[in-house]
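Please read them with the structure open beside you.

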Amino acid sequence: MNALHYANVVAPVGNDDARIMDAALQFGRSHMGMAAPNPSVGTIIVKSNGVEPVVIARGVTALGGRPHAETEALKMAGEAARGATAYVTLEPCAHHSKTPPCSSALIAAQIGRVVIAIEDPNPLVSGNGIRMLRDAGIETIVGIGAAQARIDHAGHFRRVRDGRPHILLKIAVSADGKTGLAGRKPARISGPVSMAEAHILRATSDAVMVGSGTVLADNPKLDCRLPGMENRSPIRVVLDGSLKIPLDCHLVQTAKARKLIVIASENAPAEKQKALEDAGAEVIRVPCTRDRHRKPAIDDAMQELGNRGITRLLVEGGPVLSASLLQYDLVDEAVVVCAKVELGEDAIDAIEGMPLDALTASPKLKIIEERMLGEDRMVRLFRK
Ligand code: AOF
Ligand code: ZN
């Protein structure tokens, strides 16, 4: 058996359904970070020209979550939708809201066949969309591209199931596992390619969170500064139990232009809350943990963000917040960027009180991607 023959056995060439669903998934990802509280779904409609399938229309969930992907694609296809195949990265909805359900729209357009990546766990849908299509006599296949769809729609799935966002922890570490210099001084760790990747993570997240220590040490902007993608900057969130962040930091100074949420403990000073609100920030109070640290309860904080429609939360440190997330089993995904520089013994550990292994070798996570970003090595982990 030659190599080509062998390849044919393990991955059948000409699997149009898998290939076209891949394209639908890729297109669906284009509004990731901008469709919340809805998932960013992709739809591709194809029709055979007698030889091969040809794409006649496509759609992606619109900004803010409406209209849905299927109706966008059906509008583009018009009459040509009759008898065509629709590839949808999430089960078409079955519920009436401002518009009729997408399953009804596909049926009304007389689509011939529907290929769905994964069922929608939203209790309003949850198998009903598939049932409606099959009851209408439309051949409906489910599960093509499911593994990727589970990753792409992780924000929606987590929020529907647990009421909180999908949490992606991003950490940049030196070769010796450190993240900043002694005295909480920031250090330049990752290179320009990693920085660009970090901004893509911001663009594809609904919100980005840091702890108050990071605001005090780095005075970060937390926006997306990739050329042409400035409008994709996420909501900023600071976990600041005792409301320590200064009013003149970048985040507070820009709070009127771009949403800033500050999460404080119940016992934080009321005057500081008022000053932050006057500056344009939203301040949320959550109970304190019962242990001696009396930190704001991180799981309550996450529920508050879920209640506000945030489905994908990027956490950019620092070491204290990263440790809390791990301790409360709140890391759903991690991107670890390892640079070649060494910061030395005195520098600060990337995760407070824990070795980096607590994240990179966590039994809860598996590696789903590893690649070089310029000089830096990136490892991406995802909840098993
Ligand atoms: C689809 N296609 O493109 C998306 C879907 O509040 P609504 O009425 O917009 O419905 C939101 C729910 O619809 C959302 O929670 C999820 O279950 C589903 N998202 N469904 O058919 C889409 N984005
Ligand atoms: Zn829909």
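**Notes on the sheet and the zinc site**

1. Val 173 stands opposite Cys 338 in E14. The two strands concerned, E6 (residues 166–173) and E14 (residues 333–338), run parallel and are joined by 6 bridges; strands are DSSP runs of at least two residues (E), helices runs of at least four (H or I), both numbered from the N terminus, and two strands pair if DSSP finds at least two bridges between them.

2. Before going further, please keep in mind that this is a predicted model, in which local features need pLDDT of at least 70 and side-chain atom pairs count only at pLDDT 80 or more, while totals for chains, interfaces and linings use all residues. Residues are numbered from 1 along each chain as its sequence is written, chains are lettered from A and ligands numbered from 1 in the order in which they are written, and side-chain values use heavy atoms, with hydrogens and water left out.

3. E6 also runs parallel to E13, to which 4 bridges join it, and in E13 the bridge partner of His 166 is Arg 312. The open sheet to which these strands belong has 9 strands in mixed pairing, in the order E12-E11-E10-E9-E13-E6-E14-E17-E16. Strand E12 (282–286) and strand E16 (365–373) each have a single partner strand, so one side of each is left without a neighbour in the sheet.

4. How many of the residues of E6 are buried? The count is 8 of 8, so the strand is largely enclosed by the rest of the structure; buried means under 20% relative accessible area, exposed over 50%, and partly exposed in between (1.4 Å probe, protein chains only). His 166, Leu 168, Lys 170 and Ala 172 lie on one side of E6, with Ile 167, Leu 169, Ile 171 and Val 173 on the other.

5. Which residues coordinate the zinc ion (ligand 2)? They are His 68 (ND1), Cys 93 (SG) and Cys 102 (SG), at 2.0 to 2.2 Å, where donors are N, O and S atoms within 2.8 Å of the metal (3.2 Å for Na, K and Ca), and sites may look incomplete as water is not among the atoms. The site has 4 donor atoms with angles of 100 to 118 degrees and is tetrahedral, a label given to four donors if all angles lie between 85 and 135 degrees.

6. His 68 counts as buried at 13% relative accessibility, and Cys 102 is buried with a relative accessible area of 2%.

Key
Four donors count as tetrahedral if all angles lie between 85 and 135 degrees; four count as square planar and six as octahedral if opposite donors are over 155 degrees apart and all others between 65 and 115; anything else is irregular.
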